Amino acid sequence: MSIRIIESGRTIVSGLLFYVVGCLALVAQPVQFQKTYGGSAVDESYGMCHTSDGGYALVGKTNSFGAGNFDVYLVKVDALGNEEWSRTIGDANQNNGRAIWQCSDGGYIIAGDTWDPAVPGAFLEIWIVRTDALGNVEWSRTMQSSQGNSGFDFAQDVKQTSSGDYVVTGYTSSVGAGGNDVFFLRINATGTMSWFTSYGGSGDDRGYEIEEGLNGEFLIAGYTTSYGAGGKDVLLIGTLAFGGLSFAKTYGGFISPSRQDDAAFTLEPIFTNGGGIRSFMLAGYTDVFSFSNRDVFVLDVHPQTGGVISAAVVDFNNYIVDEAYDLKQDGTLDFVVTGKVTAAASSNDAFFLRLSVNHATLSAARVYGTVSGSNAEAGEAIAVTDGGFAIAGHANAFTGSGTKEMYLIRTDNVGLSGCHELNPARDFKRVTVTAVDCQPDLSTLAHHTDGPAQQSCAATVTAVECYSADPAQQAGSIFDRSIGHCNVDDAYAADQIDGGDFVLAGISNNQATITRLDAAGTVVSHNQYQFQWQGLNSFAGGFYGINRTVDGGYVVCGFANFDFFNPNVQMVMLKCFANGSIDWVRVFGSSNASEVAMAVKQTVDGGYVVTGYYNNILFNPGLGEEYLQVVKLSSSAALQWAYSYDYAQEINMQRGFDIIETSDCGYAVAGRLERDEDNVHTLALLLDNTGGISSSNTYLITTDIAKYDNLRPAICQSIDNEFRLVDFSDNPSSADNILLVALSQAGVTQWQREIGAGVIQDDEYPTAIEQIASGEFLVTYNSAINGGGLFTVDNAFGTSQMRYYDQRNFVVQDAFESSNGGFLAVGQTSNRGVNGDILAVHTDVNRQVNVCDGSVSMFNLAHESELETALVKFPAAELSEATADATPLTYVQLACQETNYQCKQGSEGSTGEAAHLLRPSANALFKLFPNPISAGESFQLFVDPAIQGECAITVRTVLGSLIWQGSLASERNIVIDTEGWASGSYALSVTAGSRTESQLITVTR
């Protein structure tokens, strides 16, 4: 044996150990077996990984071998289940291994816990162990979540990230808001802690599995009693790359005190055929949506918002408790689940389930263990392997000793292992479940300042509803719905909110309109809005942009006209909660100018950024007739800054049509220029987070000014941080087509191409672009002849595929991929109603009307030089913000009669007091840029302009040492130099009055 001392004074014992193997079945196929591993006492497996050589590594605990009490037990077996080696890791303390991950170099990272039962009042601590490929310990670390370790810390999962470090989750009672709180621990490749963050409320909040998301963020699954409907509810936390809270949602219900629990123990990304992350699947148990007692509960949710895509419940007949502990996706896009079923006290069996990815079918179910007698088998982890699956857990039914052993089951692709298995009777149903937003208190190490005050969530009770057996319903609701009345009705933008409802923003009867549809396309509400500003009522208006917000609601933007005799209009914005009630309303503008907002996005600091155009000839006679405008608001909708951008070469019209926040916290704008009254250009404008110009490019698209009003460019950022710009082009060297441009993250043009959508080869006008889960780009476009549609193109814009085309004079203004993988297209049709109606069409994931033949026309366009831009800040006196007592908001609700596609006017009502309308939401005190940062460089700190008075600033190490301090008086930003700072994480805190907020800064070399 070899013994070595580690930092904490513990001993690690490693070497070859004696073990007992129970071969349970002789089968014809070597890929089917059941085997146990261990000695004469207790040996349990809690985690497993499929190794690069085709075998398996199991981790758990043992007191059959080792240094005393329990030690971490690591067993490596080959593809046939033959043990290759085993290790015990530990000392005289009680040590458990809860999770294992094979690292990129072939070694292993293990997360577990350790404590000394001989010490009265001893606390349980997180224990992380790194081994080489043969299980020899390279380092181990005991992690304490607070100085002095005044509570219990349980590590439940560990993963190596794409950057090579490690993330751990579990739950802690050492820090946080009370009870247990979910923790998120990040450590580097050598075991040094980068940071430790906890999330939770006053109840019991636990994390069981962590997964890396789409763009370096992370998701944690578990359960909570602090938030939700009552009892336990499934908890899903979305974090930023360095621990900041992105979103938190609960899923569950409440029937009675004996039926109130829903929990998740596992989380797994579900991939599309193209390899992109389609969604995340959670599994655990429910006694709320169950058939009887406790049943297996599976949820499929959106990867970035947590919105529910589908959910299912499985009940194993004749068992009183059914719980899922792990799930994996196989190569056919189905997914498999393992766990345990309980027939009576101390009588458990491991189980296997195989379901389709949309929860539509249950294709296989198996139960493993002895047929009768007292036994305790459980499937703790599952892995996908060649031609089948491996399930790891523990069992006590086979040795006759009455003690548990590590248990490994190898099955074929439908769960058959060749012995000791049943094909049980079971019930299966899909259920509807609502996701409820909650914002847990974010606590950090005791050395850090406290985070924002805890916010609670309203409880929601959701009834069980079995889905229809109709295949079309199971694949996702398909609908074709028009909404309108006697005047013109149009939808310009749409988004999907929590619960699956769709919200459409547009114009109806010359008024700003929001239409809400449920997942089946039924009209929930169709509201027209009127505004007041400077004592005037709006007589006309419209919404052009909409964006779902992190609280599950939505924000819209557009314009309103308050003077019948004056063509000037004002910018309006409206923020609603998920239930449609109004959070706040803002009107911006001047009596001598016009402002129109075309697009809005919520930013990572909780604020909003808007683009459109601004006309103020009276006060700016040297500028063009119209010029592009970008406005930044705080999370409470207070005006932070507003800039106009003018191309200094006799530009008549300059407009912003689309805006996004970029991965480096700047902004990208798609705009339009009309120059010299003889040609029109597309504009791609990149801004930093203060509105400064990073880069700008223009592209000649048409010399026909008459087409100007039909053109609407759009922009998106891809997962590799490049940009894709889309617009119309009738460049004289080609037929009228769709222009596609790729730009680098720095704004340098990579290539330009033109593509015909493949249905109508004449004047095709794109209106929107987004990257979907498959990695393709979805482009929304219209034809000048009689219809519009959707097509997808690959990342290089080299091949295209038609997804939907409609020849009913459908002008498609916006489209996006919905939570079920289909597409929602919205706009206007002139085939219904007197002057045109709103039309909303929802497809399922497979619906195609025509398919392109794959031929794509490509050529190079003349690329103009970088745009010369004069940056002009609006005079504060000319962009005024309506006050609370000057912006009451009323709306008229229209009750739709869908039989004849007409509507009648309902009663007019007030939305409430002005103070309610203007209630501020929680906003960040400050923002950092850039973050992370290279050592020796400088970063900028921006304080919300709405914050008054002096602000104190401190920067400390994670151990609490002060390394920098300063203050801000009247100014709202400061540049901080990191010269001399070591690489690692630092806590920056800003104090304004009684309010203190902190954020982690990551410094790299």
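Modeller: Start with one convention. A strand is a DSSP run of E with at least two residues, and strands are numbered from the N terminus. The model itself is predicted.

Biologist: How many helices and strands does the chain have?

Modeller: There are two helices and 76 strands. The chain has 1005 residues, and 61% of them count as buried. Look at the contacts between residues at least 6 apart in sequence: 55% of these join residues at least 24 apart.

Biologist: How many residues lie between S5 and S6 in the hairpin?

Modeller: Five. In that turn sits Gly-54, with a positive phi of about 95°.

Biologist: In a regular strand, where do the side chains go?

Modeller: They alternate between the two faces of the sheet.

Biologist: Which residues is Glu-44 in contact with, leaving aside neighbours within four places in sequence?

Modeller: Val-59, Gly-60, Lys-61, His-394, Lys-404 and Met-406. Two polar contacts stand out in the list for Glu-44. Its side chain meets that of Tyr-46 at 2.2 Å. The side chains of Glu-44 and Lys-404 are joined by a polar contact of 3.4 Å.

Biologist: Which residues touch the most other members of the largest nonpolar core?

Modeller: That core has 22 residues. The ones touching the most other members are Leu-236, Tyr-251, Leu-282, Phe-297, Leu-299 and Val-433. Seven strands, S18 (218-224), S19 (233-239), S20 (245-251), S21 (262-271), S22 (277-286), S23 (295-301) and S24 (308-316), each give two or more residues to the core.

Biologist: Next, rings. How many aromatic pairs does the structure hold?

Modeller: It holds 25. One of them is Phe-265 with Tyr-285: the ring centres are 5.8 Å apart and the planes meet at 40°, so the pair is tilted. Phe-265 lies in S21 and Tyr-285 in S22, so the pair ties together parts that are 20 residues apart in sequence. Both Phe-265 and Tyr-285 are buried. Ring pairs also link these two into a cluster with Phe-154, Tyr-171, Tyr-208, Tyr-223 and Tyr-325.

Biologist: Now a buried arginine. Where is Arg-354 placed?

Modeller: In strand S27, residues 347-355. Arg-354 has a relative accessible area of 9%, so Arg-354 is buried. Arg-354 and Ala-364 are ten residues apart in sequence, yet their C-alpha atoms are 5.1 Å apart.

Biologist: Which side chain does Arg-354 join in a polar contact of 2.8 Å?

Modeller: That of Asp-330. A polar atom of the Arg-354 side chain also lies 2.5 Å from the backbone oxygen of Asn-413.

Biologist: Last, backbone angles. Which residue other than glycine has phi near 75°?

Modeller: Asn-318, and that value is positive. Asn-318 lies in the loop between S24 and strand S25 (321-329). It is exposed, at 72% relative accessibility.

Biologist: And where is the place of His-420?

Modeller: His-420 sits in the loop between strand S31 (405-412) and strand S32 (421-422). Its phi is positive, about 50°, although His-420 is not a glycine. His-420 is partly exposed, at 32% relative accessible area.

How values were computed. Residues numbered from 1 in each chain as written. Predicted model: local features only at pLDDT ≥ 70, side-chain atom pairs only at ≥ 80, totals over all residues. Heavy atoms only, no water. Core = buried A, V, L, I, M, F, W, Y, C linked by side-chain atoms within 4.5 Å. Buried < 20%, exposed > 50% of the residue type's maximum accessible area, 1.4 Å probe, protein only. Helix = DSSP H or I, 4+ residues; strand = E, 2+ residues; numbered from the N terminus. Pairing = 2+ DSSP bridges. Polar contact = N/O pair within 3.5 Å; in protein donor to acceptor, adjacent residues only side chain to side chain. Contact = heavy atoms within 4.5 Å. Phe/Tyr/Trp six-rings, centres within 6.5 Å; stacked < 30°, edge-to-face > 60°.
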